[in-house]
Amino acid sequence: MFHSARFDHFSLFFTHIMDLLSVIKECIIFKRATCSLGKGRDIWQQPKPDPTLKGQSFLHDTFPLGFLWGSGTSAFQTEGAWNQNGKGASIWDSFTHSSVSGSLDREAANVASDSYNRWEEDVKALEYLGVRSYSFSLSWPRLFPDGNARGQPNTATVKHYSYLIERLLEKKIEPIVTLHHWDLPQVLQEDYGGWKNETVVELFEEYATFCFHTFGSRVRYWLTMHNPYLVAVQGYGTGVHAPGEKGGPATSLTVAHNLIKAHAKAWHAYNANFRTTQKGKVSIVLGSHWVEPQRGKAIDASAELCQESIEAALGWFASPIFGDGDYPVSLKTKLGALLPAFTPEEKLWVQKTADFFALSFGPNNLRLGQSVISYGQTVTPDLRRLLGWIKLEYGNPSVLVAEGGWFSEATVGKEDTVGIYLMKSFINQVLRAINLDGVRVFGYMAWSLVDGFEWNYGYSIRRGLFYVDFSQPNRTRSPKSTAQYYREIVNDNGFPSDETSQEVKGYFPCNFHWGIVNFYPFSPQFTDPHLYSWNLTGDGSLHQVPGVKLQTRRAQCTDYLAIRDHLNLLESTRASHYRFALNWSLILPQGDLSNVNTEALRYYRCIVTELKKRDLEALVVIYYPTHRSPNLGLPVPLHASGGWLNYSTVNAFQEYAALCYQELGPWVQNWITINEPNRLVDVYSSGEDKHLAAHNLLLAHAKAWRLYEKEHYSQQQGLVSLALHADWAKPANPFLESHTVAAERFLLFELGRFLDPLLGTRREEKHNMGDYPQEMRTYLEERARVMGLPGSPLPNFTETEREELRGALSFIALNHFTTRLVSPRSHTQDSFQQKPPPDHDCLILSDPTWPSSSLRQAIVPWGLRKMLKWVSQRYDGAIPIIVTGSGIDDQAPVEDKLRQHYLRSYLQEALKAYHLDGVNLHGFYVWKLQDRHVPQYGLFTSAQHQSKAKASINVYREIIALSGSPNNDSVQPCRFSELHEPCSICAWMFTNKAMLVFGGCLLITAAMLAALVVFVIVTKRNQRHGRGKAKVGLSRRRRKEGVCLCPPGVKR
């Protein structure tokens, strides 16, 4: 049989000189690479990629030509046939058949996926995916039942693997062969203690040499072993894996030392005997987690802890092989004499014994990172950052992601929807590492090809792209959703650009509402009789003086300084419209006209009149329910009597709306009766209550609309609507019709429930309008039947109510913030009785590749366009649509980059909807004007922070000034920009008002001083002139009377 070559010192030295020259050559060729070693810790010093920059959160691009797409399996997990054709037992056979394995089924892996007998089906699965490579492992105990490669191999096994390799090559699929994926022959464990004994190192070298000789002419890529970290720690340290030994850290360290040497011996065997003829490459698959510093910790200290965490797993094996031939210093410092040592000769011999870096990144290592090696840091599945660390730490080697993927619960079956988005995230992270960071990744193996035996988890979890029903003897392979998705990625060679990436140029219409939203503007300045002290504690806050009350007086609009200050902020944004809400419980504390708060009405009148003076328009919300306010924003008596479950609230709302129209209508052109009734109904626990509340809210709006049309429209000419929360719903699984149906159903329950009774649909006859969507009624009736309920909970409208509802909407008002992934929720009678699901039976998910805010709001600009298009197509496209609220939270105090990105991207999608989809879009309101306390949604900081303007205001101003995103040579179709041309001097004056006041005082003082000086000078000059005249007159009189020449005392 074959043996490894014996190297003398000269040949060893020469080999490493050649390796060094090869590294230097690569550094010259790849100028963009960072070729210095040991710089991995620098990655935590670098700022994390800004998600607002194009491609940083998700990159639409393709992989390099020739990228090696593939999938992989391991022998023990999938082959089965545990004692067929003379196969010997492995340590995993023994482990699963014994009581040591705990709760695992002792027959569990005997058949597994039966890939030994059904390998041709596996090849067909690879063809379905369209991949160019297949990573699989050889079974050492199947080839050599006694583990000794000096003896004769199992010829049936040799033929089996030869047939597999030849079929792969015939299909133009590259075989990537792993020599050892954890299934050590049991006899070697019994005779030598397994990997604790160096004898097994020698036996592995002989086994590897046999495989190179037998299969190497047809194999270009070899992997000596898979994730030795888990073998050392879980196999021999904790006993979770086979052989189930619990030897603790000392045993794990010895096993790891021997695994590294076994790999090195196999590499040298190939390098000496086969490389020149077979021209293949050999590496080892190493697994790792990833960690990020915890917030609030010093960067340097945190970076060092993170470095130690990665070195404790990946660096443990990678540093000797890809680094300096020795263990990381952090490990040697921590473990001391417990850590085996390499001799100087062994360091040279182990170093550079891999032709590329093969990485495993999946749940096994990340689980350990959570509990064992995180060093207090945050474990995160960031494959891009890990690849960047490998580049910096080991001189930018070429990298194969030899295992990439996640898992799903066994109950998920073929519809592994969540797996789609995890796959999308991992693969796009690799793409960004290649195209943005310069990491040299040349292949990706989606793990795994078929469902198999998942080690200590048995069959409770699944990792295959193809579903296998282990209860059926034929073990049929069925593609899961992830297989269909991976097939698309492989076919596209990545994530090519789509229409959402293309910008359009153009203008919004001339009458477009450039709006900003605020909440409840109200000042207690002249209604609160209490006395307050200010800034006693130095925090700028007010503190009520107990026991002191003052007489209040009727306020004039000029008394409300807060209004002017607030509208000054609004005016500086150059917006044309201002949306704010009235407080029902404040205006009518008793819920009826028996007690009208005239001061509150006066205050609101001051706001709308001041807006008119400034040529700004108001969009007034009559009722703004909120979960945070007491009684859902209702007057206390109304809430106590059942609120929206009581029809009397409908009449009370009509009475309240009439008062608002009468008192404020002359200054208000746009009204919202109720804000987000579709969110308000969520507070009710039962389905019946939700539907009844929605029913009454609709009737309340319709009555308020009819009242305005009948009594006020002819004079006030205003428009009345209700505003709906309108996030877009995307089918979570694009390959399943059930998800498409669920997303449509979600939209009908969210929007159609309120818009259909008011507007009908384009395909409906007018006489059928005034009712809920028929699809909704049908679904609820069928749902009730399945649940064993007496009937649909959806109320019915009377013919009079239907007539009142028809057409009771002047425009469609939508509050849009994000997009949801929607999937159907399976329901049974038992689950329904435990916890009633929402009536639409939908689950809400989120795509991890979407950038998100600190409050976890996903930024999905194209969702706005999809929503606008859906509404426009379902209803009369001529009716105006206004986005009455849209915004993002951003914790940045001034430089709010996330909000700037949000405004640009969402308004760009709104422009597409207007120009490309023909949506009759009439406005966009930014949520919101000012923060209340900490930086969040506001364009300005809170009053406590001096109401500073944030950078996003300039973005909004620019878009308003351009009225969209015009071409340089385009002609604006209206004079909007001239009518609302921003006054740059005014804006500068507003920004520097404190300095201007001070300068004005100085100027006035200087002018007064100058006037005083002039006055004094003129006065003195007049005085001198007067004295001169007096002297001249005296001399004249003297000349006239004659001059007396007599001495004194002599009289004439």
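Is Trp290 buried or exposed? I looked this up before anything else. Trp290 is buried, because its relative accessible area is 0%, and the cut-off for buried is under 20%. I note that the model is predicted.

**Entry: aromatic pairs**

I searched the whole structure for aromatic pairs and got 62. I then opened the pair of Trp44 and Trp290. Their ring centres lie 4.9 Å apart and their planes meet at 10 degrees, so I log the pair as stacked. The stacked label needs planes under 30 degrees apart.

Where do Trp44 and Trp290 sit in the chain? Trp44 is in the loop between α1 (9-29) and β1 (68-72). Trp290 is in the loop between β5 (281-287) and β6 (291-292). The two are 246 residues apart, so I record a link between distant parts of the chain.

**Entry: a tilted pair and its cluster**

Next I took Phe76 and Trp92. Their ring centres are 5.8 Å apart with the planes at 40 degrees, so this pair is tilted. Phe76 belongs to helix α2 (residues 75-78), and Trp92 belongs to helix α3 (residues 91-97). They are 16 residues apart, and this pair too links distant parts of the chain. I find both Phe76 and Trp92 buried.

Which residues form one aromatic cluster with Phe76 and Trp92? I list Phe95, Trp182, Phe453, Trp455, Tyr459 and Phe470.

**Entry: charges over rings**

I looked for arginines over aromatic faces. Arg487 lies over the face of Tyr128, at 4.1 Å from the ring centre. Arg745 has its charged end over the ring of Tyr779, 4.2 Å from the centre. I kept Tyr779 in mind, as this residue returns in the contact list of Asp839.

**Entry: Asp839**

I located Asp839 in the loop between α30 (829-834) and β26 (842-845). Asp839 is buried, because its relative accessible area is 11% and the limit is under 20%.

Which side chains make polar contacts with the side chain of Asp839? I note His691 at 2.4 Å. I also note Arg783, joined to Asp839 through a side-chain polar contact of 3.4 Å.

Key. Residues are numbered from 1 along each chain as its sequence is written. This is a predicted model: local features need pLDDT of at least 70, side-chain atom pairs count only at pLDDT 80 or more; totals for chains, interfaces and linings use all residues. Side-chain values use heavy atoms; hydrogens and water are left out. Rings of Phe, Tyr and Trp (its six-membered ring) pair if their centres lie within 6.5 Å; planes under 30 degrees apart count as stacked, over 60 as edge-to-face and the rest as tilted. Helices (H or I, at least four residues) and strands (E, at least two) are DSSP runs, numbered from the N terminus. Buried means under 20% relative accessible area, exposed over 50%, partly exposed in between (1.4 Å probe, protein chains only). A charge sits over a ring if NZ of Lys or CZ of Arg is within 6 Å of the ring centre and within 35 degrees of the ring normal. A polar contact is a pair of N or O atoms within 3.5 Å; within protein, one must be able to donate a hydrogen and the other to accept it, and residues adjacent in sequence count only if both atoms are side-chain atoms. Contact means heavy atoms within 4.5 Å. Lists of a residue's contacts leave out its neighbours within four places in sequence.
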